[in-house]
Amino acid sequence: MSEMGTGQGSGGPGRIRALPVKRGMAGVNTNDVAAEPCSSACASALFDLMPVPVFIYDLDGLGILSANEAAVAVYGWPREELLSMSFADIRPPEEIPALLDVISREGASLRVLAESCHWRKNGTRFPVEVTSRPIEIDGRLARLAVVQDVSARKAAESRAREQEQRVSLLARQIPAIVWTADLDLRITASIGAGLPALGLTQGELCGRFLRDVLGPSGGVYVDYHKRALSGESVSYETLYEKHVYQVHIEPRRDLEGHITGIIAMALDVTDQHQIREQARLAESRLRVFAGQIPAVLWSTDRDLRFTWGDGAGLGNLGLRPGEVTGVPLAEYFQNRDPDYEPIAAHRAALSGETVTFETEFQGRAFHCCVEPLLDAHGVVTGTIGAALDITERKRAEEQVQHQAEYDALTDLPNRSLFDRELGSAIDRAKVAASRLAVVFLDLDNFKRVNDALGHLVGDELLRAAANRLKETVRFGDIVSRIGGDEFLLLLPGIDGREGSTCVAEKVLATLSRPFYIQGREIFTSASLGISIFPEDGADPETLIKHADAAMYRAKEAGRSGFQYHHPGDSQRAMQRVSLEGELRRAVCGNGGFVLHYQPQVCLQSGRVNGLEALIRWRHLERGLLCPAEFLGFAEELGLILPIGDWVLGEAARTASAWAENPSLARRPRLAVNIHPFELRERHFLARIDEAMKKTGCDPGLLDFEITESAAMGNIDLSVRVLRQLRERGFHLSIDDFGTGHSSLTYLKLLPVDRVKIDRVFVHDIASDARDRAIVSSVVNLGHALGLSVVAEGVETPEQESCLCDLGCDEAQGFLMSPAVALEDAARLLESSPRWWAAGWPSTGEA
């Protein structure tokens, strides 16, 4: 810069006189200086002691007249050489014209030369600030120049400018707001790329007080700035105009360290805050997820040391979240082979693989997945894994598998598993050239027990029989329940018929012992059919089929025994299959079933009071079949309900027709037998109501007969159902009375109209005093309870006479009439009293 400054004072040039040219301050004329405040010697000493360069140069030629020691040191020229130079020699050439122009115009004025640039002897340039004033030497004007090296200041200023530029650039690039404020918290500057987000421009906030900018709710933030004015560095996070800012405030100090205000920066961290919030939510969801599912989650470093562990599944292992942190993976798998799958999976994950596997640990089953844990650059830093506790699923699968292969009631192998075991046993027998036996077992009269005592008792009997069978057979034998009361036994390694006979006899003996179920003593037996490999078949299906056929032959032989397969069994089995088809077609309404009617007559008047409807089956080849010839088979096939529905519908139509027949003087009741299974069927009453609705029959025309054993099987159910039948208007009878185990208390509870004495007590009534006593007791008991008494199986006049003497009300049997067809039954209703004494009807079917 040129030496252009502001003149100071009006006293003109200085009065230093007699300074010897080219010699320095030591040659100053002391007489001329005597008037100055100090002596010339003192002035010379002060000149040389100045710590900064001082020059005196001639205004005419700019020759250097004098230079102090500091000038010599700073510029690098020896004094003699320096005094031979011009003041222009130490200035850049481009600045000389400006310097001469100033001197020519204002040489006599006091000037402060602001800034310039000087040379050193070594050729380097350095910035200076020159203060000069005119002086008089020996009557000539000269100038005294004091030079201040401002290199350090200039460097500092440059650094400050650069810093300011960097801050400005940074503020313009990042979403931040930077502001400064004075001690009164008046904003003195505001810059930053974050200003537009608030609708502001750079510098717009200048001059405004911080409290006015923040508004009434900004008091706490003003306090933060006041804390910075006290010398504290303050940081906080705040929400302003839907933006999240991270604010940092520092005190602002001058060179002496005094606080002159504050400088603050607010960084817009809305995006980062959202990311953090999303990460927090993700972490929370993960924590909730990990806390809800039976899983174990973990991570390890490259040394396979756990760095994290969480998950609800930890509790099943006796651990808590975070407890495994820092523990080596190998510590949880001590004494394991290095190739143990969980360890090998983690090593594979460190190599970049993802591995899934199933394993067991501390009695729990887990489905595991281990994969590499990568940093932001894709470098494997460890592993991360998840193990889903599938213990319950495994147990459920095992249970499902067990249910698929084992009978739910007895827990014995079912038919499917038995077939597989039999197939394997046949393969082994072929290799060993040995024999095996298949035993088909069916409990005798089980349906009668089931119907009489109910399904709960029947189920208990099946379980008890299954347990006895397992205890009876040999080790290695297999007992299977294939449904209902049927069982299969596999006897591998048997010694032909001799060995299987021994097992069969033991089975029959153990099943013949009484069973004690629900306080009852129940007896049963079994019929067994046996087939031998390889004589009777070489595959499971054939062996089982032949054993089944042999079992039916055992039943035909009198039950409670066993039979071996015989070639004729197949023919009988085919006949049963054929009979089953014919019976099903008859049930489906293809004809064949008919009702016959047996009269129940009053012993006093000899007239018909009622008739019992009895089903018959007109078989195309075997003729008319009685119930005993096909109802047992129908029970096995589950056809009792549709047959019962047919009987009820047909009987209701017949009773309605008789009631509407004007030629009949009386409306007889029609008795219909109710099978025990029907009584316990849940829709029994609904089926009866439907039949009455379809036929339009008056319930008072029908009399439902229930056997004593069926009624006593489930007394609560019987009482409830019979009461509902009575409420509908039906008559009710107890059939086969005396053959069951009913008590007088239960009999009193049953809402019945009559009891029927079983034929076994009537057969010898004329000759056996004990039978006569029993019948007399039943008659007296019935009358005492207000019931009518009917005797079954009356076949002789002696029996009739005896029953009359004992006061029995009605009789039913071949003496009066066997069961007859509908047309003959109508004739009986029109016949005269005691028609049987005249020998009518002459024909009939039992």
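Predicted model: local features only at pLDDT ≥ 70, side-chain atom pairs only at ≥ 80, totals over all residues.
Reader: Which residues are buried in helix H27?
Author: In helix H27, which spans residues 797-806, the buried residues are Gln799, Glu800, Cys802 and Leu803.

Reader: And where do they fall, seen down the axis of the helix?
Author: Seen down the axis of H27, its buried residues lie within an arc of 165°, so they line one face of the helix. As a general point, an α-helix has 3.6 residues a turn, so residues three or four places apart point the same way.

Reader: What covers the buried residues of H27?
Author: The cover includes helix H25 (759-762), helix H26 (769-784) and strand S30 (788-792). Just after H27 comes Gly807, which takes a positive phi of about 85°.

Reader: Switching to the open sheet of five strands, what is the order?
Author: The order is S7-S6-S10-S9-S8, and the pairing is antiparallel. Strand S7 (187-191) and strand S8 (234-240) stand at the edges with a single partner strand each, so one side of each has no neighbour in the sheet. On average, neighbouring strands of this sheet are turned by 20° against each other, direction ignored.

Reader: How many bridges pair S9 and S10?
Author: Strand S9 (residues 243-253) and strand S10 (residues 259-268) pair in the antiparallel sense over nine bridges, and Val247 stands opposite Ala266 in S10.

Reader: One last thing, is Glu95 buried or exposed?
Author: Glu95 is buried, because its relative accessible area is 13%, under the 20% cut-off. Glu95 sits in the loop between helix H4 (79-83) and helix H5 (96-106), and a polar contact of 2.5 Å joins its side chain to that of Ser116.

Note on methods:
Residues numbered from 1 in each chain as written. Heavy atoms only, no water. Buried < 20%, exposed > 50% of the residue type's maximum accessible area, 1.4 Å probe, protein only. Helix = DSSP H or I, 4+ residues; strand = E, 2+ residues; numbered from the N terminus. Arc of directions from axis to C-beta. Contact = heavy atoms within 4.5 Å. Pairing = 2+ DSSP bridges. Axes fitted to C-alpha atoms, helices over the stretch in contact; angles between N-to-C directions. Polar contact = N/O pair within 3.5 Å; in protein donor to acceptor, adjacent residues only side chain to side chain.
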